[in-house]
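Subject: Structure handover

Hi,

Here is the structure I promised to pass on.

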Amino acid sequence: MKPAKRRPSYEERNPVLSKLLDLKTRLQKASEDKGRDTKFISTDKIWVMDLINDVRNNNIIKLSREDGLKCNGLWRKYETN
């Protein structure tokens with residue numbers, strides 16, 4: 001009898017989508033923080049949600065350079081300490 005095959009985890013199947021969802025969660029936490037200026041958070045959140053929808057609908061497995069740089073900037077901008 002052969003051992004059962006392990007199904008790849010969600011992060012292994014689409015690591016880009018997994019990281020974008022983590023970024024969305026970080027933006028959500030930042031918007032709930034009372035000490036932060038929420039002026040730009042909503043526009044950043046809309047941009048991330050549009051990117052998530054593009055990744056889901058078009059089965060994107062790699063982001064463009066511009067999108068990657070913007071995501072990295074958002075990760076740094078909304079760092080939690």
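This is a predicted model: local features need pLDDT of at least 70, side-chain atom pairs count only at pLDDT 80 or more; totals for chains, interfaces and linings use all residues.

**Helix packing**

Two packed helices are described by the angle between their axes and the distance between the axes.

Take H2 and H3 to begin with. Their axes come within 10 Å and cross at roughly 160°, which makes H2 roughly antiparallel to H3. The crossing is left-handed. On the H2 side the residues involved are Val16, Leu17, Leu20, Leu21, Leu23, Lys24, Leu27, Gln28, Ala30 and Ser31. They meet Ile41, Asp44, Lys45, Val48, Met49, Leu51, Ile52, Val55 and Arg56 of H3.

H2 also packs against H4. Here the axes come within 10 Å and the angle is roughly 35°, again with a left-handed crossing. H2 contributes Lys19, Leu20, Asp22, Leu23 and Arg26 to this contact, while H4 contributes Cys71, Leu74 and Trp75.

That leaves H3 and H4. Their axes are 12 Å apart, at an angle of about 135°, so the two helices are oblique to each other. H3 passes H4 in a left-handed crossing. The contact is made by Asp44, Trp47, Val48 and Leu51 from H3, together with Asp67, Lys70, Cys71, Leu74 and Lys77 from H4.

**The salt bridge**

How many salt bridges are there in the model? The count comes to one. Lys77 pairs with Asp44, and the closest N and O atoms are 3.2 Å apart. Lys77 sits in helix H4 (residues 65–77) and Asp44 in helix H3 (residues 41–58), so the pair ties together parts that are 33 residues apart in sequence. In general, side chains of opposite charge can pair when their charged atoms come close.

Are the two partners buried or exposed? Lys77 has 43% relative accessibility and counts as partly exposed. Asp44, at 7%, counts as buried. The side chains of Asp44 and Lys77 are also joined by a polar contact of 3.2 Å. If you leave out residues up to four places away in sequence, Asp44 touches Leu27, Lys70, Leu74, Lys77 and Tyr78.

Leu27, one of the residues touching Asp44, is in helix H2. Leu27 is buried, with a relative accessible area of 0%. Not counting residues up to four places away in sequence, its contacts are Ile41, Asp44, Lys45, Val48 and Tyr78. The C-alpha atoms of Leu27 and Glu79 are separated by 9.4 Å, although these residues are 52 apart along the chain.

Arg26 is found in helix H2 as well. What does Arg26 contact, leaving aside its neighbours within four places in sequence? The partners are Trp75, Tyr78 and Glu79.

**Two loop residues**

Asn14 is in the loop between helix H1 (10–13) and helix H2 (15–32). Asn14 is buried, with a relative accessible area of 15%, where the cut-off for buried is under 20%. The Asn14 side chain reaches the backbone nitrogen of Leu17 at 3.3 Å. Once neighbours within four places in sequence are set aside, Asn14 is in contact with Val55 and Ile60.

Asn59 lies in the loop between H3 and H4. At 63% relative accessibility, Asn59 counts as exposed.

**Where to look**

Cheers

Conventions
Residues are numbered from 1 along each chain as its sequence is written. Side-chain values use heavy atoms; hydrogens and water are left out. A salt bridge is a side-chain nitrogen of Lys or Arg within 4 Å of a carboxyl oxygen of Asp or Glu. Helices (H or I, at least four residues) and strands (E, at least two) are DSSP runs, numbered from the N terminus. Buried means under 20% relative accessible area, exposed over 50%, partly exposed in between (1.4 Å probe, protein chains only). A polar contact is a pair of N or O atoms within 3.5 Å; within protein, one must be able to donate a hydrogen and the other to accept it, and residues adjacent in sequence count only if both atoms are side-chain atoms. Contact means heavy atoms within 4.5 Å. Axes are lines fitted to C-alpha atoms, for helices over the stretch in contact, and angles run from 0 to 180 degrees between N-to-C directions. Angles under 35 degrees count as roughly parallel, over 145 as roughly antiparallel, 65 to 115 as roughly perpendicular and the rest as oblique. A crossing is left-handed if the near helix is turned anticlockwise from the far one by less than a right angle, and right-handed if clockwise.
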